[in-house]
Amino acid sequence: MQTESAIQTFIHETGGWAASQMEACTRCGMCAQACHFYQATGTPEYAPVWKIELLRRAYEQRFTLSGRFKAALGLEKRVTDDDLLAWSKIVYEACTVCNRCSMVCPMGIDLGPLIHDVRAGMASAGMVPKDLADAVQKQIDEGSPLGVTDDVFHSRLEWVTDEWEVDMPLDKQGAETLVIFSSIEIMKFPTNLAAIAKILNAAGENWTLSSKAREVVNFGFFDGSEEHTVLFLRRVIDGAKELGVKRIVVTECGHAYDALRWTAYNLIDIPPEIEITHITGLMGEYLKTGRIKLKAGAFDGDGRLTFHDACKIQRRGGHIEEPRQLLNVLAPNAFVEMTPNREAGICCGGGGGVIAIKEADPLRFKAFELKVEQARQVHADTVVMSCSNCRLQFTDGVEHFGLDLKVRGLAQMVADALIEEPAS
Amino acid sequence: MASFELLPVEKGILRCRHTGEFTPEEVQSLAAFLQDYHGKLLIDLSGIKAEECIGNIQQFRPMMPTAAIFGVPLDAVILEITESYYIHPVQHFDNEEEALAWLREQ
């Protein structure tokens, strides 16, 4: 029964696009070398091409003549419950859907979305790892996977407003920009709330937060369930519609940006007048247009500093140059690049929901060692990033390995270096 | 004088001793410290009254590393938080000895 449900989802997800991608694959295996889990462990099952194997089998056995023959003659395995169990671990615990594999595929196959389709099949078969499934259920029941209930949200805002002495408008009709934080920022990194509010206020932005769209995370995007993804996307878009905003700014969260900026348009109606962007892009725009001014070299005296490219914000989202432009003002002498970087940057190992799965901890720390090595090679004292999920992975990793490495959010640095214009 | 001080207890454990109500600058400063600190905390509230610190204890709870709190009676509800992958264990104890013993076992 579980298998049938997964197969039906695989088949449902296999339209012309997915079929063409799978037909184009030559099994060259180049994608393996791009995968940080494969690189870190050498485990053949972690090769991205193997991660989509169940989708390929379902497609071939349903839609191709040779596949039907092979299946009928017993030359190719049918998908079984045991397969689902095995692949559930592979696609949820050993894949962050970072899509670095697609960068190296000589056939141009976009493997990330195909792996996401495998997760969709797993979700329909009830094969999502328990920790992740529990977090999804919390988001369904309470509106947040991390416990940001209505009460918690308001109490947190009040605390940050009072203690950081910063204005944070809430449910402001007529605001042009809706800013939505991720739950990890609200709970673990509340300094980010104050920092981003300071930046927006300094830029003179007409902005607001929303009680309805109070957090932007979308754990449905992690478990792969379209139903869940749509449910959580609607909360955000409905909140934006109610306030009549023209722009939604996703703060330092990667997967939520991918879900809202790219995936949402294929799943729900989003008013065309609403622009969706990321705080990294917005900060870059503010700097370029002179809406904010930063103290040049503010972080030059704090050792060497490097930037970690987040898969969903830099590689997927394209906000590659803005953080560098900002860091070249903030720390022109201290900023150094890790290699590889930009769109080829290696994932931190905690994305795609992996960080939420306790059983995946050894694997995510193993993958994180690649980042540690990259930072070590450039003698970095501080690693900066624009994704709070990456930031949590780095914070955990630094603790786990006992590293002498500082972890910083980009928005926090920008806020700390703001030059406040004297009141006229 | 600051309303809190950080003192080493032993390798991997710091005592965070509170001596008065926090100013906004002290809240910000403690938040910044918690972002960079990766050891365990022995939170000593013996220098203040419970009503002076409950609000901040509750707000700092999601950011805390593994921590043992003692020094004032605290309602267990104050430390309750939705179970999640990002949180560390935090417990309240009646005295320092119990708190430190638990912290060493973590």
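R56(A) is buried at 11% relative accessibility, where buried means under 20% relative accessible area, exposed over 50% and partly exposed in between (1.4 Å probe, protein chains only). The structure is a predicted model, in which local features need pLDDT of at least 70, side-chain atom pairs count only at pLDDT 80 or more, and totals for chains, interfaces and linings use all residues. Residues are numbered from 1 along each chain as its sequence is written, chains are lettered from A and ligands numbered from 1 in the order in which they are written, and side-chain values use heavy atoms, with hydrogens and water left out.

R56(A) forms a salt bridge with E76(A), that is, a side-chain nitrogen of Lys or Arg within 4 Å of a carboxyl oxygen of Asp or Glu. E76(A) is also buried, at 14%. E76(A) lies in the loop between α7 (65-72) and α8 (81-93) and R56(A) in helix α6 (residues 53-63), so the pair ties together parts of chain A that are 20 residues apart in sequence. Helices (H or I, at least four residues) and strands (E, at least two) are DSSP runs, numbered from the N terminus.

| Pair | N to O distance |
|---|---|
| E76(A) and R56(A) | 3.3 Å |
| D134(A) and K130(A) | 2.6 Å |
| E373(A) and R376(A) | 2.7 Å |

D134(A) and K130(A) sit four residues apart in helix α11 (residues 130-142) of chain A, about one turn. D134(A) is partly exposed at 31%, whereas K130(A) is exposed at 59%.

In helix α21 (residues 361-377) of chain A, E373(A) and R376(A) are three residues apart, about one helical turn. E373(A) is partly exposed at 33%.

Salt bridges with shared partners join one network, whose members include R56(A), E76(A), E53(A) and K70(A). Over all chains the count is 33 salt bridges.
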